[in-house]
Amino acid sequence: MPRYTVHVRGEWLAVPCLSSTNTIEWLGKEAVRRYMKNKPDNGGFASVEEVKFYIRRCKGLGLLDLDDTVGEALEDNEFVEVVIEGDIMSPDFIPSQPEGVHLYSKYREPEQYISLDGNSLTTEDLVNLGKGLYKIKLSPEAEAKVKKSREVIERIVKEQTVVYGITTGFGKFARTVIPNSNLRYVVNREVSVTVSGVGKPLTPERTRMLLALRINVLAKGYSGISLETLEQVIEVFNASCLPYIPEKGTVGASGDLAPLSHLALGLIGEGKMWSPKSGWADAKYVLEAHGLKPITLKPKEGLALINGTQMITSLGCEAVERAGAIARQADIIAALTLEVLKGTTRAFDTDIHAVRPHRGQAEVAFRFRSLLDSDHHPSEIAESHRFCDRVQDAYTMRCCPQICQITSRYHSCKLYFTHVGLNFSLKMVFAEREETISGGNFHGEYPAKALDYLAIGVHELAAISERRIERLCNPSLSELPAFLVTEGGLNSGFMIAHCTAAALVSENKALCHPSSVDSLSTSAATEDHVSMGGWAARKALRVIEHVEQVLAIELLAACQGIEFLRPLRTTTPLEKVYDLVRSVVRPWIKDRFMAPDIEAAHRLLVEQKASAGFWLVWEVAEPYIEKYRREHIPESRPISPTAFSLGSLRMSADYSHDHRHQNEL
């Protein structure tokens, strides 16, 4: 017998259907009838017949024709919503689809698995798990460790040993011993009393990352969770059943208690949950729709699920991956701008950067050389200003290697976030010693500091990008038409796009204030120092998003600048970048809506090609960069016009070898 889960005015109702020939209208009326039956005043209705409504799917919000049959229009156990005419949306209404869920319109259940052992998960793995590209399974070694850890907890419970958080209360009730008969009640209380988050729910991708990372930590075998429970959690992940987790509420000490409690709440069948199949619904119905049962927690398992820094760390992993991606692509965009502004490559000479041996600085300089080397990739634009009389470039071009060495900051953060299997728990179980120890590995100071530093570092990419946009738009600095458009005055060109970039950079300056320098004592001064790592992670992601958007504007502006230098062509790799942009955004001939163009360019920076896993702008340039690296192409070193003879101090007359600037200081 088919059955459907129907949402009516905040209530979820299971409605069996005796025949697939019943209509959608019948389903709506039956749901309303059951709703009225459960209300003391019939929900304010005199009869079912007077209720006017329409029905839509929870997934995708598609309206259903009331005359269609349920067999034709719906799948078994599908989730639908009855919307009663005249109702207004409640302020606390949870939308059927979470923010960003349009990505799930193409969701396909993955077939491949990642085996978790608690130690080898990488940031790339975690991001891919967040995208729904893999399911999870435990390694045999992890299963063995989890079993041994649980045996210690079972012995404590059986022998009624007094152990904080397992057979006692919490906080001021640490000395209160809980009888075995009440332990299950206490375990559920551990979860429910800490469910206090606020704000928008995490996106499906971030919720999946959070859940996957918690599974990975539990797989280490130090939490005391049972293998049975952990396998149930994995089944929930593999079915993409994602609890409602508000983004705010953690102070990043004693773990991310609020968000992890919301995670655990969904696992035990309480609160709200989302899946690609159901949209938002009561957790118990979502689990049931996927053939799963709510988890019944055993002693210590509540604490095992809610105590850790997995929200900070999962969001941090996303931040690290996105920061690395935009840093690499920022070099490409800056190189394109330098070409449009007729800059020189001499500031990227290997010897300059060997004197100051910073790995990130040297790598940025190398990328500029590989993209701009006119001897290797002939550039007509470079040739056109071989004998120009300019002295040197502005810092936002000349000092890119020194300023943009975000790669070094990126690697310092990755050093921490690569080890995403690190255990963060209040009560750790050491099976070999057959004892539990309370420690402080749950404290989020380390990732909070790393993310604050990452935000400060990556912000500079936008700060100098905005200055380069200014140079592109300012005719006194660029020798290009004002705001990169013909018929200035009639057209405004990139004038307001530059304002947008300036606004984002200014906002980032406030967001870059370190959250980890703040601390507020909580829990009656027991937790008297906290990391504020949750905010460090969220604002780092906001900073990175702004950086991506500013660089998207610069990418558009640089490509528009190329239009005014035609028919001259730039180097081969930069022409490939130009072609990529022009495949989604046409040249700016006269004013039009610019927001769609900025969004299209932004997608080129953040979307990955599925087959290669590369971000699109990086994908077209990276082969040329790596070819330059592999072939050890001799560095082009035009003789500087400031070179002199020790004997005569005469300036070199061999100006013909300088491909960029004749009088560089």
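Residues are numbered from 1 along each chain as its sequence is written, and side-chain values use heavy atoms, with hydrogens and water left out. As the model is predicted, local features need pLDDT of at least 70 and side-chain atom pairs count only at pLDDT 80 or more, while totals for chains, interfaces and linings use all residues.

**Cavities**

The structure has two cavities of 30 Å³ or more. A cavity is a set of points, on a 1 Å grid over the protein atoms alone, where a 1.4 Å probe fits but cannot get out; lining residues have an atom within 4 Å of a point. Volume is the space filled by probe spheres set on the points, which are joined across faces, edges and corners. Lining residues are sorted as nonpolar (Ala, Val, Leu, Ile, Met, Phe, Trp, Tyr, Cys and Pro), charged (Asp, Glu, Lys and Arg) or polar (the others, Gly among them).

| Cavity | Volume | Lining residues by class |
|---|---|---|
| Largest | About 60 Å³ | six nonpolar, one polar, four charged |

The lining of the largest cavity includes Phe494, Gln560, Arg582, Trp588 and Asp597. Twelve residues line the second largest cavity, and Leu202, Pro204, Thr207, Pro243 and Trp280 lie nearest its centre. Helix H6 (204–218) and strand E9 (242–243) each give two or more residues to this second lining. Helices (H or I, at least four residues) and strands (E, at least two) are DSSP runs, numbered from the N terminus.

**Sheet**

Strand E9 also belongs to an open sheet of three strands, in the order E9-E11-E12, with antiparallel pairing. E9 and strand E12 (279–282) are at the edges with a single partner strand each, so one side of each has no neighbour in the sheet. Strands pair if DSSP finds at least two bridges between them; four bridges join strand E11 (residues 272–275) to E12. Trp274 stands opposite Trp280 in E12, and Trp280 is among the residues nearest the centre of the second largest cavity.

Twelve of the 14 residues of H13 are buried, where buried means under 20% relative accessible area (1.4 Å probe, protein chains only). Among them are Glu363, Phe366, Arg367 and Arg369.

His546 lies in helix H21 (residues 533–563) and is buried, with a relative accessible area of 8%. Beyond its neighbours within four places in sequence, His546 is in contact (heavy atoms within 4.5 Å) with Leu504, Glu507, Asn508 and Leu511.

Note on methods. 1 Å grid on protein atoms, 1.4 Å probe; cavity = no way out; pocket = protein on both sides within 12 Å on 5 of 7 lines; lining within 4 Å. Buried < 20%, exposed > 50% of the residue type's maximum accessible area, 1.4 Å probe, protein only.
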